[in-house]
Amino acid sequence: MQLFVDTADISEIRKLAELGIVDGVTTNPSLVAKTGKKFRQVVDEILAVVDGPISTEVISVKAEEMVKEGKELAAIHPNIVVKVPMIAEGLKACRILSEEGVQVNMTLVFAANQALLCAKAGAAYVSPFIGRLDDIHHTGMEVIEDIVAIFDNYDFDTECLVASIRNPLHVQEAAVLGAHVATCPPSVLWQMVKHPLTDLGLERFLKDWESVPR
Ligand code: E4P
């Protein structure tokens, strides 16, 4: 499973990249806005730290404008993946951009049928938002299970990129289901590192080592 970091905060990305576990980065307009920096500066900083797919989102809602914006984003660097919202105009844009060799990540996906349409339109990734589904009393992970099965049934090349992750269990369950990618807030990746028994065990090893004659 590939692990992406779901943030535009370069210091968080840098710290996690040092662990050697970051395959890519996803951003969205809200995450970029939080940095208070210019969009291009944010993108350049991320590209300098992570050599993998970096998702940046179009803000147009008409296919023609999405295509123009998507091409401009893709021209920044070969690692740029263009995020397009899952609306009818987004599907049109996805088909055009994909045929021109631009990698598209269809975002704001909440149902397996939406993911199926994205795959048909040539998306490289679909981003189902599981946390936002859980928030409204739906089981986000059931959507992941269905998407993975559908992509597998028909050998789609589209990857299921699990988004809106809220806790480490989301990542584990998505991995068990065979989702291709999980994009995680930095806090969740740090939670995944930790286990109280690891800390206790290390403390005991180091203490016992003090009694070993040297
Ligand atoms: C990433 O691609 C999504 O934009 C992000 O995971 C959404 O997360 P949220 O529901 O916590 O805002």
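This is a predicted model: local features need pLDDT of at least 70, side-chain atom pairs count only at pLDDT 80 or more; totals for chains, interfaces and linings use all residues.
View 1. Take a look around the ligand and you will meet D6, T26, N28, K83, F129, R132, A163, S164 and R166, each with a heavy atom within 4 Å of it.

View 2. A polar contact is a pair of N or O atoms within 3.5 Å. The side chain of K83 places an N or O atom 2.6 Å from a ligand oxygen. For N28, a polar side-chain atom lies 2.7 Å from an oxygen atom of the ligand, and S164 has a polar side-chain atom 2.7 Å from a ligand oxygen. The protein buries 84% of the 340 Å² that the ligand exposes when taken alone (Shrake-Rupley method, 1.4 Å probe).

**View 3. The ligand sits in the largest pocket.** "Sits in" asks that more than half of its atoms lie within 2 Å of the pocket's grid points. A pocket is an open set of points on a 1 Å grid over the protein atoms alone, where a 1.4 Å probe fits, with protein on both sides within 12 Å along at least five of seven lines. The largest pocket holds about 230 Å³ of space, the volume filled by probe spheres set on the points. Among its 17 lining residues (an atom within 4 Å of a point), D6, N28, L31, R132 and S164 are the closest to its centre.

**Notes.** Residues are numbered from 1 along each chain as its sequence is written. Local features need pLDDT of at least 70 and side-chain atom pairs 80 or more, while totals for chains, interfaces and linings use all residues, and side-chain values use heavy atoms, leaving out hydrogens and water.

Technical notes:
A polar contact is a pair of N or O atoms within 3.5 Å; within protein, one must be able to donate a hydrogen and the other to accept it, and residues adjacent in sequence count only if both atoms are side-chain atoms.
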